[in-house]
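Good morning, and thank you for the time.

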Amino acid sequence: MEKEITEKLIARALKARELSYSPYSGYQVGAALLAKDGTVYTGCNIENAAYTPTNCAERTAFFKAVSEGKRDFLAIAIVGGPAGETIAQYAFPCGVCRQVMMEFCDPRTFEVIVAKSQEEYRIRCLQELLPEGFGPSNLTE
Ligand code: THU
């Protein structure tokens, strides 16, 4: 991914984080998912008083995209941290979100960008985060 595109995606994730609905954890997450056609789908975490219905920012972005007909993706930028504080840590995606990525992305090429800011980020391919993952090819090949 070009540096400029990476930084733009992080900016979109930071903006999406502002919409986080996280009254229980106080931990705000934003994500921006880049589809192969160039469209960006953003997401935030959405918590629930019953706790388990909570949806992570990454899955919000994926489900928005898939529900609008997109199934091919290049990269996702993720930012997360406690509300009201500057982001001090990289928010790597949870296991469930990694599995959702595995459903729609090529693990060798899909880029997971975790960021503290537009200038400070790390990039991992999905395969590094979910080695030997179970995916659609297990059922078809
Ligand atoms: N969360 C995400 O949005 N993405 C992750 O990958 C990890 C966790 C959210 C869920 C919950 O609202 C809050 O962060 C604390 O776990």
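This is a predicted model: local features need pLDDT of at least 70, side-chain atom pairs count only at pLDDT 80 or more; totals for chains, interfaces and linings use all residues.

Strands S4 and S5 form a hairpin, with five residues between them. Helices (H or I, at least four residues) and strands (E, at least two) are DSSP runs, numbered from the N terminus. S4 and S5, the latter covering residues 121-125, run antiparallel and are joined by five bridges; two strands count as paired if DSSP finds at least two bridges between them. Within this pairing, Ile 113 stands opposite Ile 123 of S5.

Residues are numbered from 1 along each chain as its sequence is written, and side-chain values use heavy atoms, with hydrogens and water left out.

Which residues of H3 are buried? In this helix, residues 95-104, they are Cys 97, Arg 98, Val 100, Met 101 and Met 102. Buried means under 20% relative accessible area, exposed over 50%, and partly exposed in between, with a 1.4 Å probe and protein chains only.

Next, the cysteines. With a disulfide taken as a pair of cysteine sulfur atoms within 2.5 Å, the count comes to zero. Cys 97 has the sulfur of Cys 94 as its nearest cysteine sulfur, 3.8 Å away. The relative accessible area of Cys 97 is 1%. For Cys 105, the nearest cysteine sulfur is that of Cys 125, at 11 Å. Cys 105 is buried too, with a relative accessible area of 7%.

Finally, the ligand. Among the residues around the ligand are Ser 25, Tyr 27, Thr 54, Phe 92 and Cys 94, a residue being near if one of its heavy atoms lies within 4 Å. Which polar side-chain atoms lie by its oxygen atoms? One belongs to Glu 47, at 2.5 Å, and another to Glu 58, at 2.7 Å. For Asn 45, a side-chain N or O atom is 2.9 Å from a ligand oxygen; a polar contact here is a pair of N or O atoms within 3.5 Å. The protein buries 77% of the 380 Å² that the ligand exposes when taken alone.

How values were computed:
A polar contact is a pair of N or O atoms within 3.5 Å; within protein, one must be able to donate a hydrogen and the other to accept it, and residues adjacent in sequence count only if both atoms are side-chain atoms. Accessible areas come from the Shrake-Rupley method with a 1.4 Å probe; for residues, only the protein chains shown count as cover.
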